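Dear colleague,

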Amino acid sequence: MIGIVIVSHSKRLAEGVRELAVQMVQNHVPIAVAAGIDDPANPLGTDAIQVYEAIASVYSDDGVLVLMDLGSALMSAEMALEFLPNEQQQQIHLCAAPLVEGAIAAVVAAAAGNNIQQVIAEAQGALVAKATQLGLDDSHSSLVIREQPMIHDTPHTNEIRLIVSNRFGLHARPAAQFVGCAARFQSQIKVKNTTKASEFVRADSINQVAMLGVRQGDEIVITATGTDAEAALAALQTLFTTNFGEDSNSPHAPVSPPLHVPPSPLSPTSFQGIPASAGVAIAPCFRYRKTPISWNQTTSLEEVQHYHVDNPNNEWQRLRTALHTAQQEIQTLLSHSSIQIGDAEAAIFDAHLLFLADPTLLETSQQRILNQHLNAEAVWQGVINEVANNYRHLDDPYLQERIADVVDVGQRVLRVLSGTPMTIVDVSQPAILVAADLTPSDTASLDPTRVLGICITAGSATSHTAILARSLGIPAIVGLPPEILQLNDGTQLAIDGEMGRVWVQPEAETLVALQAKRDAQHATQQQIINIAHQPCMTRDRHRINVFANVSSVHDTQQAVNFGAEGVGLLRTEFLYLNRTTAPTEEQQLEVYQAIAQILDHRPLIIRTLDVGGDKSIPYLGVGVETNPFLGWRGIRFCLDHPQVLKTQLRAILRASLHHHIKIMFPMIATVTEIQAAKAILAQVQAELRQAGIGFDEDIEIGIMVEVPSAVTIADQLAREVDFFSIGTNDLSQYIMAADRTNPKVANLTDALHPAVLRMIQQTVEVGHAAGIWVGLCGEIAADPLAAPILLGLGLDEVSLNPQAIPGFKNAIVQLTIPKVQAIVTAALQQDSAAKVREIVNDDLHLI
């Protein structure tokens, strides 16, 4: 039987609606109420845990319909969904129907034996009878996109009205895409949230857009004034109609307790917090004593001094320099995070970059420095305080969580202005980190092999710190009592991230129970891994090799654990970063051999040094360029520094003896470049032979196909190499002429765009015609929707982040070659990546 849940700020209202509904069906439909909060002085409100418990009490595989009144009721209902297992989330439906009429219509339809979709339809149409009786048009209740030109004095002003459908509205990542898209156009673009009766704000300001508090179901109005107004509105509308590229099931949701939670072991000393990232950890306490973030504090340094400056222009330039340095630091963090946890989660730092480029903040800072002759630190801190307080006074708790991002960015700039070097959370031994709070930057830099668990007193399950912890696979609990901060370093702790509980010096019985739970979780994970360790084949027995992209020895072990059949891309830049001199031949050899031994004769493709672009290494003379992605990078740098390349090639060749190693050169744009690289390789091989040092004489040589010119002359390049590996991250940005690290245009670099897919198809066909195999390494392979496309394009191998391998293999085993070829044929005829995704989605639902 379908269950009904009524969510309201008022418990008396919700009980009254339930009483009325019960009278309609004589208790034949399970109805639960989640309303009000446990505060006699202020009883109006909603609680996500109450909503979760209400859903649990009426849950059925037939479905549960949740009706809400307004405001935070929607947010509480959305958060409650995240406490359910994924398979049960699919059966819960949040309904925009009016609370009273919708509840009555829903219970009547459910009692009549209708299915969940019919019940939803009845609830959403509940106002039709009333509107008809009153002679009103009910079209205002229709949740569709409406577009209507606005009449203005100027012919270049247009307006669209949109209903926001993506799950969490304009949270940080969609807001960053929205602002980045708006900033590409010359027109003056403004936006307002009509549902919340807000005023128009600048669409190119990340903070103003975020503070609109746009949630799922809200109606917004976007205006554009200028010569490219129509194109701007069309581009923005596409973002909304494609849900900003987000799946309907949030990938950032916390893994939370099942519906019927068994009693957990108790001990005399324990703390209860909010579950943020599932998993069990048992280890000593490590107290991280960075000054906590608070509403009135923007820096972990001493409170900044306010003083008069005689030359305000120089002071403004000092702030601009600090902002530029902070941008470089965040860009490095973004690149590191993309490699470690994937582009989707790392996009949190896109919003940080946009914050630093927010014109309203820059203009305010400049005016105060120039007009008031104040020092940069005082002005910047004042601006940060104002923005943080604006977020603080929002009603939406999800948006209040963004204060941590504002403060994180603010602290970074103040630190640069003070000349204080950047620090990271340094945990020398495996431990459970205990702190008042962690910024997103702190969390992204954590080493999961050292930080086994996270316990903080601030935050929520929807904070960016929690999202990053889940992406890193670190059990985490937030919102813990402040007493936990009194623990001494080394105190034995046990945490259950799924239950949100911490035990201090746990008793033997507690440890046994938690270890059993951890073992059970590991067993479940092992089952998934066992499936992933099988060869990747379609239903009609066509095989595609699935390799991993790695950046360290640890990554390689993870890749093998997740079922990688080899390494398709070893990014060797990690050997050159965070040091003052280049690694020696012996240092490199040691790492390559260690990785090869872990792979145990599985293929290992080592990409030679690819510096430049978003990877700057000062001691090599690779500084900041005006246009780094079109500059001195990859093979161009290595050919100009042959000794750097020769040292690396010697180490690779020496490691190749008795191992299945292949060499891959990056950023090849011409035949001359690959011939020059092969000539240097031949010199190194001759030197090793002369010295009597063994290596694989038949080592395969390949290139990254990531420049459009390499695609157009692929037939010539194929005669020089043994394989191609298509680098879609760079190839996409070069084809679309959009810097993938620039949040204002990064949405253009979607590798599922037909222009990119046609380039991939052309490369595969030319490579096969020449008798060489063709692989692909890029973030696109981690997208399950891309699996049928990549298979249908005829690729022999894909290489992706280790964590995404089980999902890719699971997607492939459900497909057949005729099916994916048909999908590709249709996809190549589309005119946008969004339409390609629609086609794949539609076809997969039919499988």
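This is a predicted model: local features need pLDDT of at least 70, side-chain atom pairs count only at pLDDT 80 or more; totals for chains, interfaces and linings use all residues.

Residues are numbered from 1 along each chain as its sequence is written, and side-chain values use heavy atoms, with hydrogens and water left out.

A search of the whole structure finds 30 salt bridges, a salt bridge being a side-chain nitrogen of Lys or Arg within 4 Å of a carboxyl oxygen of Asp or Glu. One of them joins Lys809 to Glu565, at 3.1 Å from N to O; this pair links distant parts of the chain, 244 residues apart, with Lys809 in helix α31 and Glu565 in the loop between α21 and β19 (helices, H or I of at least four residues, and strands, E of at least two, are DSSP runs numbered from the N terminus). Lys809 counts as buried because its relative accessibility is 5%, and Glu565 does so at 14% (buried means under 20% relative accessible area, exposed over 50%, partly exposed in between, with a 1.4 Å probe and protein chains only).

Glu585 and Arg654 also meet in a salt bridge, at 2.6 Å from N to O. Glu585 lies in helix α22 and Arg654 in helix α24, so the pair ties together parts 69 residues apart in sequence. Salt bridges that share partners join Glu585, Glu586, Lys646, Arg650, Arg654 and Glu687 into one network.

With kind regards
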